[in-house]
Amino acid sequence: MLSKQLHEALNAQINAELWSAYLYLSMSMDAEAKGLKGVANWFYVQFQEEQDHARILMNYILSRDEKVTLLPIEEVRTEWASPLEMFQDTLTHEKKVTAMINNLAAIAAEDKDFASSNMLVWFVDEQVEEEESARGMITACEAVEGNKFGLYMLDKELAARVYTQAAPLASAND
Ligand SMILES: [Fe+2]
């Protein structure tokens with residue numbers, strides 16, 4: 001059985017992951033509208049990954065014989081001045097998500113809920129990757145700032161990003 005506190009925090013995390021998905025979808029739409037198809041693709045993949053994160057948490061709550069409560073999704077920003085600004089926002093947002101995941105891990109540890117602690121390990125590692133990738137993208141955007149050809153090449157590179165299902169979902173399909 002999940003503690004009430006952990007159950008509520010996991011439901012809130014589902015909402016945060018879906019809000020993240022919505023934020024990245026919004027960035028994808030803004031980039032596409034501005035002709036940056038590669039940037040749009042990068043954020044569309046991000047949108048898909050965030051939905052996986054929510055699904056992993058939903059599956060977990062259900063597997064513990066508890067109820068998933070879907071909360072309202074707050075509106076998101078719809079316009080950014082540049083891809084650099086999008087990735088800066090991405091990093092700021094992912095840092096907040098990291099703090100939320102750490103808080104979940106702390107509650108699970110306090111509860112001595114080892115199953116939840118184990119489940120959260122994947123998210124703890126994922127957040128390290130999310131922050132690292134956002135930082136990498138900021139560096140890349142800074143490198144091409146003011147250089148139209150550089151941005152064109154970067155956009156081409158980002159077009160190659162492909163979605164792969166998150167490992168905990170892929171293994172659940174076995
Ligand atoms: Fe996420």
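## About the model

This is a predicted model, in which local features need pLDDT of at least 70 and side-chain atom pairs count only at pLDDT 80 or more, while totals for chains, interfaces and linings use all residues. Residues are numbered from 1 along each chain as its sequence is written, and side-chain values use heavy atoms, with hydrogens and water left out.

## The iron site

The iron ion is coordinated at 2.1 Å by E17 through OE, E50 through OE and H53 through ND1. Donors here are N, O and S atoms within 2.8 Å of the metal (3.2 Å for Na, K and Ca), and water is not among the atoms, so sites may look incomplete. Along the chain, the donors of the iron ion follow the spacing E-x32-E-x2-H. E17 in helix α1 (residues 4–33) and H53 in helix α2 (residues 37–63) are 36 residues apart, and this pair links distant parts of the chain.

Helices are DSSP runs of H or I with at least four residues, strands are runs of E with at least two, and both are numbered from the N terminus. Both E17 and H53 are buried, where buried means under 20% relative accessible area, exposed means over 50% and partly exposed lies in between, for a 1.4 Å probe and protein chains only.

## Aromatic rings

A pair of aromatic rings is described by the distance of the centres and the angle of the planes. Rings of Phe, Tyr and Trp (its six-membered ring) pair if their centres lie within 6.5 Å, and planes under 30 degrees apart count as stacked, over 60 as edge-to-face and the rest as tilted. W122 counts as partly exposed because its relative accessibility is 22%, whereas F123, at 0%, counts as buried.

One aromatic cluster is formed by Y24, W42, F43 and F87. R161 lies over the face of W42, at 4.3 Å from the ring centre; a charge sits over a ring if NZ of Lys or CZ of Arg is within 6 Å of the ring centre and within 35 degrees of the ring normal.

## Helix residues and loops

V97 lies in helix α3 and is buried, with a relative accessible area of 1%. The C-alpha atoms of V97 and A16 are separated by 7.6 Å, although these residues are 81 residues apart along the chain. K4, in helix α1, is exposed, with a relative accessible area of 63%, and its C-alpha atom is separated by 10 Å from that of E66, 62 residues apart along the chain.

D65, in the loop between α2 and α3, has a phi near 60 degrees, a positive value in a residue other than glycine, and D65 is exposed, with a relative accessible area of 72%. K112, in the loop between α3 and α4 (114–143), has a positive phi of about 55 degrees although it is not a glycine, and K112 is exposed too, with a relative accessible area of 62%.
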